Amino acid sequence: MLLAPVVWALTVGVAYFFFAKTWWFPPPINQHGVAYDAQFMRTLVVVGVIFILAQFALGYVIVRFRNDGRGRAQYTHGNNRLETLWTSATALLFLSLVVMGTKIWAGVHFDEAPPDAIPIEVLAKQFSWSFRYAGPDGKFGHIDLKLVNDSAGNPFGLDDKDPASKDDIVSASLKVPVGKPILLRMNSRDVIHNFFVRELRMKQDIVPGMEIPIHFQADQIGIYEVPCSELCGLGHFQMRTTMQVMSVADFAAWQQQMLAQK
Amino acid sequence: MSSPVVHAHHAPEGFIRRYVFSLDHKVIGIQYYFLGLFSVFIGMFLSLLMRYHMVNPTVSVAWMAKLWPTAAAGGVMTPELYLSLMTMHGTIMVFFVLTTVPQSGFGNYMLPIQIGAEDMAFPVLNMMSFWTTFLALVVMIAAFFVEGGAPLSGWTAYPPLSAAGRVTGPGEGMGQNLWILSIAIFCGASLMGAINFISTTVDLRCKGMTLMRMPLTCWTWLVTAILGLLGFAVLLAAGVLLLLDRLAGSSFFLPAGMMISDRILADHKGGSPLLWQHLFWFFGHPEVYIAILPGMGVTSQLLSTFSRKPIFGYKAMVYAILSIGFLGFLVWGHHMFMSGMNPYSAMAFATLTMCIGVPSAIKTFNWLGTLWGGKIHFTTAMLFALGFVSLFVTGGVSGIFLGQPALDLYFHDTYFVVGHFHMIMGVAAIFGMFAGTFYWFPKMYGRMMNETLGKIHFYLTFIGVYCIFTPMHYLGIAGNPRRYSAFTDVEYLGGLIPVHQFMTYAAYFTAAVQLIFVVNLFWSLMKGPKAPVNPWNATTLEWTVPSPPPFDNFAGVHPVVNHGPYEYSVPGAASDFIMQTDPPSAVPSEH
Ligand code: HEM
Ligand SMILES: [Cu+2]
Ligand SMILES: [Cu+2]
């Protein structure tokens, strides 16, 4: 009996923080993020209703059908019409959620990056990030594992003998111009890592032996954190970098400055 | 089928044959139970250390340095120690608690009695499967004591982290080898157990015990055994391959072009880290049902018994169990949405995942239907079964977020996932075990447990687990990655530390109140009031035999079953329950 109010109180308590949004997503910085949040809210409404109804129903039957010592329980083995009804209703509900989410998934994974997307290579390794830009010639230079030298600032193993690598820019944090499509080509050198930017509502494992592309566009200038989100070893919790979204002019200036430093 | 000759077996003489290398399914069930109990306390202890460290990453604790002179030198846990505690916590909980107690513990003890058999089909195999499990546990714990300590790759052991050897981190040397070896041994033990459960259920049912008259517990043990047979076989193969990559220089999971801390791994090429994930989760998803199905069975049994009502939709429940078993093998990809596998396959896995949500929802509806119109008796066992329903709902609904690849784009590998699986497979399954303990303790030990202590323990635990695990969902929404040993290096995590603090206090509290259970358990074992044959006025066969039952369960008599398992409150019947073995005439003729 006491269980009913306990269940209700816990239900209200859990639900409260979903309404209050005390700990919540940061605002999205792209179209995809807006669509993501809409799908999340749709699901939250459906799930919230199911959750609250089910918990309250549980509390209700506990109170209403407690043993009062009078007579016997109702004798029934069930009701096939009800079974069919709730089976088809839940199936319909769950499947329509997946269908509604398909467009969001497709936007990230089925659609190709636009042809003018800026390609950036991402290299993840225990426990740091590196990003490589093709530079003014638009070509990524040749790289070779044997030339890798982290302490000399050459995590990719850029081959100096290749003219195309002369103007490649390597950075420890990600810089992107605002409002332009970006294509990340992600590689890992050692174990699995994961690229995650909350504000982009996007996440992707980086798996050694596979080059994995993702593309996005960031519409809001600012600095956003990138915490590694796949267990990669003892420094996992420290494997952090940032993504800075810059105005187009600032981005060009940054590239100039990086080239000048080379 | 049982032989027509009536012959009473005699218990073997001598302590060793009776209690250590016993062939009696009841003794083996109890052995499994206590192995699980020992493991759950280790697992819980490890989780408390983790929870402490997360909110006090730099505070020095003197006794930590004594326990781990190198990994916690100066009394401060290193990140690698945190990760190895995490790995061992997850592994011990999943394999040695959730897989052993509900199935091998209660199942072993109760399945033969509930279907009217004298023992399991293969008693020697049964004994071997327990002792093999025991060996696996010893090997697992040994991983703590070797050079480098326990592995840090998590209970999922993803390569290359788990495959490339000592270079990827401390614990990835001998510790990881022992971990894989232990899991392989455990797979062997589980395969033996699965064969035994399936054969027993198929062959040893007594006269009149048709499949559709089996208690739902027996259905869940049967389907769990089938899942184990198919799942552990695959995990065993995967484990052997991983061990070969580590020790024999093969490249099943290691691709070309790898370089670990300045060293090029030239002698590996052609492997795929994703292959492991497919194999692992082909086992891993069924594994979560291995953990939860028996709890569902116990819950169904108890809701019916203590609301004095037949189970609502018995057939629908059986079909739901069978479809969970079947679909359980088709959804492994939902753990891999972000892994880099073909994104089109995500759509198929998502659709199938939502399909498997349906039978789970059906079960919840039927549980509420069972309670509806009942006369509910609030025993401690019943409270845990009702708690199971609440936790199952709470843990289940978060799966509707995670099952959508679109939403998993954010939630994958955050605390949202940790909250989800702790609720549904951790705590719900544990509540199933508590429910089973309070319900069957009188049968197993011939004594009653203390109801007052039981209820206090129930309420405090129920509130405690909600406080530990539901805030994890908010953390996930705020983007807190899992498997982080401290929240010091990512700025936005700083703001979430108060939530972690709250969960840590809740964990201390919940762990402390488990002492009430321990006291109740051991006090009742020795001092509890004597239990009658059928203290709950229940209907299934275990309540027809003495508490505790004699060596061969039915003292040489072959029971005959005339009724379904949940005939409560039959109108016009003499009492409000008709036992399965009551004569057909127990049901008044107009029914
Ligand atoms: C006292 C209760 C418990 C507490 C406080 C607790 C706490 C934790 C914490 C803090 C983590 C690490 C999360 C991370 O860093 O990603 C974790 C992981 C885990 N826990 Fe628990 N846990 C408890 C009970 C259980 C139970 C009953 C199970 C049984 C299913 C369980 C299974 C797991 C698993 C499988 C992992 C994942 C390990 C990994 O990431 O490899 N836990 N738990
Ligand atoms: Cu990483
Ligand atoms: Cu799964």
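I started with B:His422 in this predicted model: its relative accessible area is 17%, under the 20% cut-off, so I noted B:His422 as buried. I then looked up B:His89, which comes out at 12% relative accessibility and therefore counts as buried too.

Next I checked what these histidines hold. B:His89 and B:His422 both coordinate the iron atom of ligand 1 through NE2, at 2.0 Å. The two sit in distant parts of the chain, 333 residues apart: B:His89 belongs to helix H4 (residues 79-98) of chain B, and B:His422 to helix H14 (residues 415-445) of chain B.

Then I moved to the copper ion (ligand 2). I found its protein donors to be A:His193 (ND1), A:Cys228 (SG), A:Cys232 (SG) and A:Met239 (SD), at 2.2 to 2.5 Å. Along the chain they follow the spacing H-x34-C-x3-C-x6-M. The 4 donor atoms subtend angles of 86 to 123°, so I wrote down tetrahedral. A:Cys228 and A:Cys232 are both buried.

Last, I traced a sheet in chain A. Its 3 strands form an open, mixed sheet in the order S4-S10-S9. Strands S4 (174-177) and S9 (222-227) of chain A are at the edges with a single partner each, so one side of each has no neighbour in the sheet. I noted an average twist of 20° from one strand to the next. S4(A) runs parallel to strand S10 (residues 240-246) of chain A, joined by 4 bridges; A:Leu174 has A:Met243 as its bridge partner in S10(A). Helix H4 (residues 248-261) of chain A lies across S4 and S10 of chain A, at about 135° to S4(A).

Terms used: Residues are numbered from 1 along each chain as its sequence is written. Chains are lettered from A and ligands numbered from 1 in the order in which they are written. This is a predicted model: local features need pLDDT of at least 70, side-chain atom pairs count only at pLDDT 80 or more; totals for chains, interfaces and linings use all residues. Side-chain values use heavy atoms; hydrogens and water are left out. Donors are N, O and S atoms within 2.8 Å of the metal (3.2 Å for Na, K and Ca); water is not among the atoms, so sites may look incomplete. Buried means under 20% relative accessible area, exposed over 50%, partly exposed in between (1.4 Å probe, protein chains only). Four donors count as tetrahedral if all angles lie between 85 and 135 degrees; four count as square planar and six as octahedral if opposite donors are over 155 degrees apart and all others between 65 and 115; anything else is irregular. Two strands pair if DSSP finds at least two bridges between them. Axes are lines fitted to C-alpha atoms, for helices over the stretch in contact, and angles run from 0 to 180 degrees between N-to-C directions. Contact means heavy atoms within 4.5 Å.
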